[in-house]
Amino acid sequence: MFEITTEVLLQSIINGLILGWIYVLMALGLSLILSITNILQFAHGEVYMLGAYVVYYLSVICGINFFVAVLISVVLMGILGLLLERFFFRPLRGEFLLPMVAALGLMIILQSIVTVGFGINPKSIPSFAPESIKILSIMIGVDRAIAAVISIAFTLLLFIFLKVSKYGLALTAASQHREASILQGISPNRMSALAMAIGSALAAVGGALMGATLVLNPSMGNTALIKGLIIIVLGGMGSLLGGVVGGIILGLIDGVVLVLFGPIAASVAPLLLVAVLLVIKPQGLFGHEF
Amino acid sequence: MKPILQIINLTKYFGGLGAVVNLNLDVYQGEILGLIGPNGAGKTTVINMIAGALRPSGGKLLFRGEDVTHFPSHRIAEKGIGRIFQTNTLFQHLSVITNVRAGLYLRGNIGFWGDFLSLPYVHKQEALLYEEAFEILKFVGLSEQKDQLAINLPHGNQRALCLAVALALKPPLLLLDEPVTGMNAEEVSTMLSLIRALRDKKGITSIMVEHNMRAVMGLCDRIAVLDYGKKIAEGSPVEVAGNPAVIEAYLGVEQDAD
Amino acid sequence: MSSKISMIKHSSIPAFIIFLFLIPIFLKNTYWLHVLGIAGINVILVSSLHTIRSTGEISMGTGGFMAIGAYTSALLAMKLGLSFWLTMLLSGVLCAAVAVILGYPLMRTKGIYFSILTLVTAEVFRLIAWYYSSLTGGAVGLSGIPSPNSIPIPGIGTIIFETKVDYYYLILVITLLSLLVLFRLQNSQVGFVWRNIREMDHLAASVGINVLRYKIFAFAIGSFFTGIAGALFAHFMHLLAADTTGKFGMTTSIYILIYMVFGGEGKYMGPVLGAFILTVLPETFRAMKEYQPIIFGALVILIVFFMPQGIISFPDRILSWRRRKETSDRMPLQSS
């Protein structure tokens, strides 16, 4: 076992935090969808995965510029989100288990379509910034740093949208008090569609960034979904700040605990933390009282 | 005479909002106490705290001298406090008599293994329980409808069934949250005489939250008035009706003269 | 009319069970006997899930408990030389204990949080099995998991577990016993209280029912049988390696949930039917290889949209369709 210097520790913290931001995007999207539509969108991981594969296809196979490909992917996934809401989830509105199982069926279909189309082996997108820079004796891949910055940027964008725009405020209201917002004349259909579109777009960004900084494979959505869910539980549902804090905590755990205590501890730690948290504060760190 | 329920400095904050602030109230054995006040005064919050459905932010609840402040709902029921809810909370897809049988849970006393192995003594126990449920239904006047589905009953009968389920506990204290809301005049008078019979024939104490002023004035022995979470008056119906603070609290509020 | 149906139902179940015992007489194909064995294990898993569901909770932890059951039984048998019959029971008990420990914090929360958290636990247990390679063999896994110990019956002979037929009967008996216990629970006072909790938990609490305790009990019983199924799986396959244990997490949890809803959670036999059909049917189009999951997923979605109460509701739907047709035939002049 090699010696764990503070440098190694810092390195893994940085790596964990950078990766964590991508999962924050997943968490925010899931949380938005869940608090507005009350559906656990199990196919959300697949939207993330498709977002990555679309970028792969466009940039690697078609030769389109990476950032343009990401933009196209985000738009396409946003549209996919709208279509899913309209034709998949809206007809099942009111049920709880049925949309969940339908999403599970979709998850299986999408994963296997991509497996058939692209193969089960991991692919990678050549990095848009393959260099690494050294800051205070810590190596940071420039592409990862940029990925983190992009994720933070999208988080801020979402934050501003929710606070400032008319639709954003409506979404916030709808997520906190569904009945009250319906009484105010906010159309639940439109809110659900918006939540699905935004959530799916965020997932696409996450997938694209993950594909560019690491690898893509057809089951990458599973990991992202789980991480996103852990973040939601840590930070509380329906809270943007909670999603960010949860993501930071998860990133830290993944970084620090992994290096210090090994992969078993790193897997168990989030769950343990969540269990303890739930006993003390059942709504999560920032969530609403149910 | 020691009160059956002592509410001491009871407080509940939701975030920064004080729904109930330092409520002090004694409830005496065998009385029907009305709890009234404008909408949002905190009446149902008080009921929920007594019933163990809501955790108080502060204060104490003493039932027959015992501190039950932080007891969860099922322990409150064990202690002998029954409740009905604001909306018709019933097991909708069960029959009327099965609903009351469900209410007899605490008095069921059926051991797990006997039940699991379907031993004969369990069947005898069940039959006895159903008989007892039938007696309760007779008391509230629903014996004819015993096999009907709860969901098919008219509103007034559903309310009576809610009462029957709570009565299955044989509770010394009953919490009635808007027992006559949404009823027509005939149903109201039936329910009111039922509550009166509970006091007179069974010695049950009731705390009744209601908006129907005529019902409250006609039935309650004493009334406490809440406004913005604080008690502003307490006394006999006559005293309370003439209290200027009470009148002011209700000024401008539309009342449903049922 | 309905008494005729219940008569059919009552006589058909023992007949059906006898039929199940007779299958290996004419079905000799070991591949299909293997599939039926897996179907039996899935039936136990789905009935466990259904038991937890009867309190209103949706557990996504099936895969995790299956991992615990499988590895515990295999390791106890291989490292300590204990008999399968003991290790299977111990696995179940361990799973129940874990369920109780997890249940206290997790079951206080709103339903969807419980589902999310049990999903997370399933993945955590899978990852523990994966990373704890010194114990579980990691990706390589455990091989040579022993067969269940022979049962000597004085005067008749010994029951040994060697062929697929032996395992078929083993799984059949354990599945039937498990179903017996679980169905009996559902029909008892405990089941009554569970259903009351599911319908109106605050009403249940107000009549003195300790809702948390009953929910944890359902979770523990369900997890016990999930552990049993896991142990059965390990000693049936004799091998716990990456391609099977990789599914011991989110994947298994998802599939068992799908089986339950596909079959129909309204009746006891619904999930059983769902598990059976969805285990056996995909094997019939195994030739389609990679397209198989696509067909599977499509089937699930079709049922969700067009028969949301599950396959088991099919006869009722035919009956009510016929009844509607009869009444409309009898009364041609009807004012709407």
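Two strands pair if DSSP finds at least two bridges between them, strands being DSSP runs of E with at least two residues and helices runs of H or I with at least four, both numbered from the N terminus. The model shown is predicted, so that local features need pLDDT of at least 70 and side-chain atom pairs count only at pLDDT 80 or more, while totals for chains, interfaces and linings use all residues. Residues are numbered from 1 along each chain as its sequence is written, and chains are lettered from A and ligands numbered from 1 in the order in which they are written.

**View 1. The open sheet of chain B.** Strand S1 (residues 5–14) and S2(B) pair in the antiparallel sense over 7 bridges, and B:Gln6 stands opposite B:Asp26 in S2(B). The sheet has 4 strands in the order S2-S1-S4-S5, with antiparallel pairing. S2 (17–27) and S5 (66–67) of chain B each have a single partner strand, so one side of each is left without a neighbour in the sheet.

**View 2. The side of chain B that touches chain C.** Here 19 residues of chain B are in contact with 17 residues of chain C (C-beta atoms, placed from the backbone, within 7 Å). H2(B) gives the most to this side of chain B, with 4 residues.

**View 3. Helices H2 and H7 of chain C.** The axes of H2(C) (residues 30–53) and H7(C) (residues 164–187) come within 9 Å and cross at roughly 15°, the axes being lines fitted to C-alpha atoms over the stretch in contact and the angles running from 0 to 180 degrees between N-to-C directions. The two helices H2(C) and H7(C) are therefore roughly parallel (angles under 35 degrees).

Notes. Contact = placed C-beta atoms within 7 Å. Parallel < 35°, antiparallel > 145°, perpendicular 65-115°, else oblique.
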